[in-house]
Amino acid sequence: MTILRARPGPTLAVVAALAAVTATGTALLTSPAAAAQGCRVDYTPNQWPGGFTANVKVSPGDTAVSSWTVTWTYAGDERITNGWNATVSQSGATVTARNMSYNGSIPAAGTTEFGVQGTYGSSGGAPTGFSLNGVPCNGTGPTPTGVPTTTVPTPPPTSAPPTTPPPTSAPPTTPPPTSAPPTTPPPTTPPPTGCAGALLCDGFENQTGSTPSGDWTVVNPDCSGAGTATIDTATTHSGNRAVRINGAAGYCNHVFIKSTRNLGSLGSVRYGRIWVRHTTAQPTEHTTMMAMTDAADGNRDLRIGGQNGALQWNRASDDATLPEQSPAGVAQSVPLPTNRWACLEFMVDGSAGQLRTWLDGTAIAGLTADGVPTHDIDGQWYNRTWRPQLTDLKLGWESYGGGADTLWYDDVAVGSSRIGC
């Protein structure tokens, strides 16, 4: 997420000594190293009106761990919406973060890091009660660290607390507000599940009812029938909620959830990342599971779904498909796997008239329009000039034949750079 500015209002309680002061007077803070049972959890937030991200650094101290669970409690009405490098959940004000399969082991005196993203309403405050595997950390109380961006705190005492080691380098700082966090993950770990500065980033955790609302609205293009969209707590990719689409067969059973965000402000290049799960193999008939209105094409949809048992893009204005529906063309696409979560990514470049697609991180040749017409792939796609201007995002189901399916959507993100799975 691109950070715009720090949230005005009460700042986090400063419980650490001053580690360094920049030439411009901005203070960098660190917290004491002494901690109960030797463990330490450093929480570094970056806030703006209504939202925040935080980097969380975990150290077990003198004892190695093979798996970890970190908990803390918020003082205000903060709600976690996403996390990366950890599985994060929230019950009331208490947040629980558990390790992923690749970062559970932390050696003695070692560290690992994960991140969270969230929202708040009328209040916020310093989190408290940090623990690691049930053991209280950071000494007698929480020691969140922060990087003030608008004010300089009161100078510290003339000497640092005796439990604070001399700093050898300035603590990590949050990326400048004008630049998005890096989208390339470290080579030793899988890509984060966060949103990397995306304009739209939603795991549906803020949904409180059974029908999608707030940032989403339920729509039925053309006509309304048996299709339904609901919030599901039984089948999720992460967190406690996902959107379930009961997609019925037949033309009038269209149902979608539509983002209420103004996605037209993204500009000509748009990247998307959607986690999707479904129950029924794609049929021979044409189906759609995602659509975006194209203002440059009579407000008709650019849509992705399936045909002839494989994924395909379709242009509603002239029914052009990518790939072409020849046997050789369909063979260069892939089916959307059933009964497991799959990561679908796409890129649309409106100025260049290009489109790319990835499934579980792998580029799909048949779902690539590279600007040069190629028989069986994008020859039909370029039967006319194509310069899309996409303005929204719709997730759901429409069938133009006998196909019915049940689908779930979770951890949806749209931004101006690749987000990753």
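Visitor: What share of the 421 residues of the protein chain counts as buried?
Guide: The structure above is a predicted model, and a residue is called buried when its relative accessible area is under 20%. Among the 421 residues of the protein chain, the share that counts as buried is 48%.

Visitor: Which strand pairs with β5, and in what sense?
Guide: Strand β5 covers residues 69–73, and its partner covers residues 128–132. Three bridges join the two strands, and in one facing pair Thr73 of the chain stands opposite Thr128. The sense of the pairing is antiparallel, and the partner is β10.

Visitor: Which residue in the turn between β10 and β11 has a positive phi?
Guide: Strand β11, made of residues 135–136, pairs with β10 in the antiparallel sense over two bridges, and Ser131 has Pro136 as its bridge partner there. The two strands form a hairpin with two residues between them. In that turn, the residue with a positive phi, of about 50 degrees, is Asn133.

Visitor: Is Phe130 buried or exposed?
Guide: Phe130 lies in strand β10, and its C-alpha atom is 8.9 Å from that of Asp42, a residue 88 positions away along the chain. The relative accessibility of Phe130 is 3%, and the cut-off for the buried class is under 20%. Because 3% falls within that class, Phe130 counts as buried.

Visitor: Which backbone oxygen does the side chain of His278 reach?
Guide: His278 belongs to strand β17, which runs over residues 269–278, and with a relative accessible area of 1% His278 is buried. Leaving aside neighbours within four places in sequence, His278 is in contact with several residues, including Leu336, Thr338, Asn339, Asp405 and Leu407. At 3.2 Å, the side chain of His278 reaches the backbone oxygen of Pro337.

Visitor: What percentage of the contacts with a separation of 6 or more joins residues 24 or more positions apart?
Guide: This question returns to the whole protein chain. Among its contacts with a separation of 6 or more, the share from residues 24 or more positions apart is 70%.

Definitions and conventions:
Residues are numbered from 1 along each chain as its sequence is written. This is a predicted model: local features need pLDDT of at least 70, side-chain atom pairs count only at pLDDT 80 or more; totals for chains, interfaces and linings use all residues. Side-chain values use heavy atoms; hydrogens and water are left out. Two strands pair if DSSP finds at least two bridges between them. Helices (H or I, at least four residues) and strands (E, at least two) are DSSP runs, numbered from the N terminus. Buried means under 20% relative accessible area, exposed over 50%, partly exposed in between (1.4 Å probe, protein chains only). A polar contact is a pair of N or O atoms within 3.5 Å; within protein, one must be able to donate a hydrogen and the other to accept it, and residues adjacent in sequence count only if both atoms are side-chain atoms. Contact means heavy atoms within 4.5 Å.
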